[in-house]
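Subject: A structure for you to explore

Hi there,

Here is the structure I promised to pass on. Have a look at it first, and then read on for what turned up.

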Amino acid sequence: MAPEKTPQSQPDKQPTRTWDQQRGAVRLRRARNCDDTTTDQRLLDSRGPSDWAHTDPWRVLRIQSEFVEGFGALSEVPRAVSVFGSARTTPGSQHYESARQIGEALVNAGYAVITGGGPGVMEAANRGASEADGFSIGLGIELPFESGLNDWVDLGVNFRYFFVRKTMFLKYSQAFICLPGGFGTLDEMFESLTLVQTGKVTRFPIILFGSSFWAGLIQWIRDQLVENGTISPADLSLIHVTDSVDEVIRIINEAQDSIYEALSTPRQ
Ligand SMILES: CC(C)=CCNc1ncnc2c1ncn2[C@@H]1O[C@H](COP(=O)(O)O)[C@@H](O)[C@H]1O
């Protein structure tokens, strides 16, 4: 056990208060510059300083409230698929049209569509879903260069924290489709892959749409990651690459069927 330190044993330190203090669950010993007001007083004193709003304990509550709001807004969403892809893809381009068709096809196959709620591929997938009269969801993120939710989002939730928003994508999706994109798309793709690889989410297909865009990455994964043994050859099978919207739906439906089969098979 560490020896008890007393303010006297640290002559160079000059605490302004030397008594023990309990603040909720937190015990403060030999605290320096302790506030001698109570929590109630600080809460009720509207003239007091407002720097508490930028402290970590306060942030934790804000993070918690984002989880509560996200779970509340999405808990009754029907089964859904997340579509990731570049925020910079322009309307009319090939990737935009593919995302729009994917949004429509997902709705026709009975899925809601979840995107990051932004422009480009996200807008296109939301647009396809909304035009097909489906459930079009956008999980927006507060960014310094705010662009707001795209016009095709029918149910939008805005997040301050990337990691809270990521939890929502994962918790409410049955599959992930990645269209060509940049760092944001790669981040979302690799996070999904890691969670499937480590069994944190099970049997979720990860589909990379646009074989020519993804070919170099797949080759690098094979040549470097598999060759150097940093992933197992079987991990490659977690990734599906296709250029066909029908194939996307087939892969997702097959994965769903295998989940239902596993759930309805009694355990030995
Ligand atoms: C014009 C512009 C850059 C707007 C950014 N507005 C955004 N709004 C919502 N989600 C975003 C945005 N930018 C990146 N993301 C997230 O990161 C991914 C795209 O990033 P990237 O363009 O591939 O790297 C999307 O799937 C989305 O979840």
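Let me start with how the chain folds back on itself: among contacts in the protein chain with a separation of 6 or more, 64% join residues 24 or more positions apart. Please keep in mind that this is a predicted model.

How confident is the prediction? The protein chain has a mean pLDDT of 86, with 82% of its residues at 70 or more. Residues 1-11 are a stretch to treat with care, as the pLDDT there is below 50. Beyond near neighbours in sequence, that stretch has five contacts in the model. For the model, the scores are ipTM 0.88 and pTM 0.80.

Now for the overall build. You can count eight helices and nine strands in the protein chain. Of its 268 residues, 29% are buried.

Next, the inside. The largest nonpolar core holds 45 residues. Val81, Val83, Ile102, Val113, Ala125 and Ile177 have the most contacts inside this core. Which helix gives the most to the core? That is helix H3, residues 94-108, with six residues.

Setting aside neighbours within four places in sequence, Ile102 is in contact with Val83, Ala125, Gly128, Ile177, Phe209, Val245 and Val248. Two of these partners, Val83 and Ala125, are also named above among the residues with the most contacts inside the core.

Finally, the ligand. How many residues surround the ligand? There are 20, and the closest are Gly116, Gly118, Gly181, Gly182 and Gly184. Strand E5 (136-141) and helix H6 (183-197) are the elements that give two or more residues to this shell. The largest share, four residues, comes from H6. Sorted by class, the shell has eleven polar, seven nonpolar and two charged residues.

Best wishes

Terms used
Residues are numbered from 1 along each chain as its sequence is written. This is a predicted model: local features need pLDDT of at least 70, side-chain atom pairs count only at pLDDT 80 or more; totals for chains, interfaces and linings use all residues. pLDDT is the predictor's confidence in each residue, from 0 to 100. Two residues are in contact if their C-beta atoms, placed from the backbone, lie within 7 Å. A residue is near a molecule or strand if its C-beta atom, placed from the backbone, lies within 6 Å of it. Ala, Val, Leu, Ile, Met, Phe, Trp, Tyr, Cys and Pro count as nonpolar, Asp, Glu, Lys and Arg as charged, and the others, Gly among them, as polar. A nonpolar core is a set of buried Ala, Val, Leu, Ile, Met, Phe, Trp, Tyr and Cys residues joined through C-beta atoms within 7 Å. A residue is buried if 20 or more other C-beta atoms lie within 10 Å of its own, exposed if 12 or fewer, and partly exposed in between; C-beta atoms are placed from the backbone.
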